[in-house]
Amino acid sequence: PAVKDALADDQGEFTVVAPTDAAFTAALPELGSADTAALLARADLGHILRYHVLKTDGRLNPLESGVMTTLLGMPVTVNVESDPASPTAVQVVGSTAAGVTISSSQEIQGAGGQEHVLHICTDRILLPNPIYEVAAADQATFSTLLAALDSDALSDVKAMLGLQNGGAVQTLFAPTNAAFDAYMESRGEEGTPMTTAELLADPELATIVRYHVATGEVKPGEVSAGDRQTLYADGNVTVTTAQSSEVFVDGVALATSPSQAGNGVVNAIDKLLMPNVVEVAKSSRNTTALVEALGSAELVDTLTGPGPFTVFAPTNAAFEAYLTKMAMTFDELRADKEGLAQLLKHHVVPSEIMVADASASAVESLAGEDLSLGKDSGALLVDGVMVSAADMESGNGVVHTVGAVLELPLTLNIVELATAGGFTHLLSAVDESGLRPVLEATEPHTVFAPTDEAFESAVAALGEDDLAGVLARADLPEILEYHVVSGYLLAGSVVNNTFASVQGTNLTFDAAMMMGGAAVTRANLMATNGVMHVVNQVLLPPSLADVLAADEEFGSFLSAIAAANLTEMFGWTKKGGAMHTVFAPTNAAFQALIDGDDSIADMEALLAMPNLAEILKFHLVAGKVMAANLMAGEVDTLHPTAQLMVALPESGPTINGRALEETDILAGNGVIHKMDTVLMPVTRTIGEAAAQEGLTHFVAALEMAELLALLNGTDQYTVFAPSNAAFQAVVDALGEEDLASVLARADLREILKYHVISGQTPAEDLVAGEVQSEQGASIEVEAADGEKMVNGAEIFDADIQATNGLVHTLGQVMLPPSLMDVLSADEEFSFLVSALAAANLTEMFEWANTGGALYTVFAPTSAAFLAMVDADNEIADSDALLALPDLAEILTYHVVPGKVMAANLTAGSVDTLTPPAQLTVALPESGATINGNALAAQDIMAGNGVIHKIDAVLRPVTRTIVEKAAEEGLTHFVSALEAANLTDLLATTGLC
């Protein structure tokens, strides 16, 4: 009808090439039409008819040779031969190679008087070139497009653009070679564009090309805005117009003069059109990571749907920064499909937002969370991130690239997330175990969260009757802490990995995110302070039994545990879940026990011991006690009465005097400390052990010296206890008549304390050198050929165990250095030693002093004695000094009865061994003084006393102030004192 209207009389005079019915019939095969009815139904019939109308000034008869334009806008060529009689005297050649022959011409007059001419043809009709051929005529511009259309993948599209397409009228938005070059540049690796061969082999190309073929004709100046269906599935291109008469398709400008074809038009464009937002992302090398992620998250189908969508597309660099922040790989990110899908949906808005139309607002993403939009100098920001490339339109929306991954807002901490997820039993367990503050804190944690069903299944595995029993277990905190790891561990980090739990033992997951029979069923539930992974079982850390079984060194211990029927208490099925600290002997320790005890023939005999269970329980302490938390003193064990004795020397903790070979071997229900000895239960103290071992003289001496209470207390000691024979042998050495006299000596306490050292030291741990005794003086330890001796005395019965230490029996009583020994060992006291010998006072400072008196000696140095000689004209020299008749009195004036340490000196007068002369002690802040002389050195220990060094010889004074005044001839002064009744005052002991 449109053609009919165009040929109306009022439209002017026309020259028409008029095919006969036979000519139309002849064209049916070429057009692919079955019959005349199909031909008449073709949408492009109007184009074909217009192609038969020549645009001339008035009618043209006869035809003249030359190129003429048709009403369709496409040219034809008229060929007129010189011989009018020729059968092909006049031919009209159209776009196709074959022309039509004019058989006759006829002029007709219209109703309005216009005259027209019909040039009749009977052989065929004129067929204008279809879209494909029009494009093919311009190889220089469309060679890449044509190569794509010639491919097998687009053979159907090529046919649709040809004559035999059923007559469809279409528009080809034809990308130029330059447009394809730009696309290949963007798709290639950095610096290396995609090649044409790679482009033609890319399966995406067929999708893109189909999107460039739209139904109907789109011509500038003749089209209205709207959507046009394309050959790409349900994809539409959007045609827009501008006031300048420009026409845009998906934002790409069309040429003002399209190329007409017989079945549509060809619009050259300088940029490829993308059918959907996914294809837009694929078209850039900067968003390849996003494309891969969309595939992994199974979102491609969603984003190739009708839309419209706005996609904020993170660049590859944005993904790299995000992965670095999250400490994960891209493969790990892609492995978590659910989490990744939610993250990517947060980059998509279900509407089209162009930069020019955007305003400061909040829009909801496909993830259901808000994105904040803003503007800065015309640029679009989303959640504060600047859009770097904007308004990349597609058939179902628009893409804006951004330089950061837009993270989902997190509002729930781990506890709140578990609450929202319905983890009822887990939350009850968290509260029972006191873990809630940890999981609510800001420090990040990863939680493997068992479902309620998992907790219910754990009841039987833990030997409980019901869930309440599980929640009441003593080891529940350890079990829950085993489900928690510090920091963020996303699913990708869990796969094929081992990491330490907060409980201390390791979690190991395989490639399927399984640990044993437990599997992660849902991963990466993000919280403000961490991440949760759902597991289908309650995870149990290795039990004490598991850890012991994993170490070959504990084989004998495990056998003993089984023989004593104690296995259950080391596993998970013990009701109540008690925690234990195990001091576990090694196989070598058990063998040493067998070798050292003649009553135990072999391991079989050991396992048959009636008290085996009590021995093993002696190695168990209730609760979990790490080595750093061991406290010195007695510790209750699972033995009914016996306690372990813990000591804390600098070298590390000891148990009953034995060092720990390895500490803090963690298990879920306790901790193991490895030992190289089997501990035998002991309930006796050192004093009780000495008595039971027959050391009666030693025990009697302890009682006399009031030391028994000390050695029956809780502090740990090692005692070198002299035998009864040793005490008998020392009588003469001490200048006594019998043992009773020895036990009555004043210095007995000092002698006995010389046999005691602090802490437990087994004989094998004694090393050559000095060790300080509780008396203060050092003991000399000798070690040779496996034998241990102290001060020359051999240990003949070692390691007698007690609750508070060890006893080693000696064959002699050890005597600490006497005062005389100490003075003789110091060259500064050489003159004093000579003076003591000259005054016959040596014996009182030696051990042979009957009664064993203790003394405090204020010992003048040799320099002090020489100074005395220099200052006193009556003493000619040192020999004269040694010959002084009062030398003994001078020397004993320096000696105070008893042992007085410097810290125990009190201000005032102190009796000496030269009565009635006294020393005067003062205590200024600078330190104690004796008769005004400072101590040069103090607390020099000896077995029978203590020495304080002074730099002056003290002279005894026995006269009062009044007596001194009289001796000096002050007779009037003395008389005055008497008259004033002041002589008594100045004769008292008060100082003035």
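Biologist: Which elements do the buried residues of α36 pack against in this predicted model?

Modeller: In this predicted model, the buried residues of α36 pack against α35 (819-824), β44, α37, α38 and α39.

Biologist: And which residues of α36 are buried?

Modeller: Phe831, Leu832, Ala835 and Leu836.

Biologist: What makes you say that the buried residues of α36 line one face of the helix?

Modeller: Look down the axis of α36: the buried residues fall within an arc of 140°, so they line one face. After the helix comes asparagine 840, with a positive phi near 55°.

Biologist: Let's go on to α37. Which of its residues are buried, and which are exposed?

Modeller: Helix α37 covers residues 862-871, and Ser862, Ala864, Phe865, Met868 and Val869 are buried there. Ala863, Asp870 and Ala871 are exposed on the other side of α37.

Biologist: Why are α18 and α20 called roughly perpendicular?

Modeller: Helix α18 (residues 424-433) and helix α20 (residues 452-461) pack at an angle of about 65°. Angles of 65 to 115 degrees count as roughly perpendicular, and therefore the pair gets that name. Their axes are 6 Å apart.

Biologist: Which residues meet where α18 packs with α20?

Modeller: From α18 there are Thr424, His425, Leu426 and Ala429, and they meet Asp452, Phe455 and Glu456 in α20. By class, this contact has 3 nonpolar, 2 polar and 2 charged residues.

Biologist: Now a loop residue. Why is serine 283 called buried?

Modeller: Serine 283 has a relative accessible area of 15%. Buried means under 20%, so serine 283 is buried. This serine is found in the loop between α11 (277-282) and α12 (288-296).

Biologist: What does serine 283 have around it?

Modeller: Leaving aside neighbours within four places in sequence, serine 283 is in contact with Tyr183, Ser186, Arg187 and Met274. A polar atom of the serine 283 side chain also lies 2.5 Å from the backbone oxygen of valine 280.

Biologist: What makes alanine 928 count as buried?

Modeller: The relative accessibility of alanine 928 is 15%. The cut-off for buried is under 20%, so alanine 928 counts as buried. Its place is the loop between β47 (918-922) and β48 (929-930). Not counting residues up to four places away in sequence, alanine 928 touches Leu905, Ala922, Leu923, Asn933, Ala934 and Leu935.

Biologist: Then what makes glutamate 298 count as exposed?

Modeller: Exposed means over 50% relative accessible area. Glutamate 298 is at 57%, so it counts as exposed. You will find glutamate 298 in the loop between α12 and α13 (300-303).

Biologist: And why is serine 377 called exposed?

Modeller: Its relative accessible area is 78%. With exposed set at over 50%, serine 377 is therefore exposed. Serine 377 sits in the loop between β19 (370-376) and β20 (379-382).

Biologist: What is the phi of glutamate 298, and what is that of serine 377?

Modeller: Glutamate 298 has a positive phi of about 55° although it is not a glycine. For serine 377, also not a glycine, phi is positive at about 55°.

Methods
Residues are numbered from 1 along each chain as its sequence is written. This is a predicted model: local features need pLDDT of at least 70, side-chain atom pairs count only at pLDDT 80 or more; totals for chains, interfaces and linings use all residues. Side-chain values use heavy atoms; hydrogens and water are left out. Helices (H or I, at least four residues) and strands (E, at least two) are DSSP runs, numbered from the N terminus. Buried means under 20% relative accessible area, exposed over 50%, partly exposed in between (1.4 Å probe, protein chains only). A polar contact is a pair of N or O atoms within 3.5 Å; within protein, one must be able to donate a hydrogen and the other to accept it, and residues adjacent in sequence count only if both atoms are side-chain atoms. Contact means heavy atoms within 4.5 Å. Axes are lines fitted to C-alpha atoms, for helices over the stretch in contact, and angles run from 0 to 180 degrees between N-to-C directions. Angles under 35 degrees count as roughly parallel, over 145 as roughly antiparallel, 65 to 115 as roughly perpendicular and the rest as oblique. Ala, Val, Leu, Ile, Met, Phe, Trp, Tyr, Cys and Pro count as nonpolar, Asp, Glu, Lys and Arg as charged, and the others, Gly among them, as polar. The arc is that of the directions from the helix axis to the C-beta atoms.
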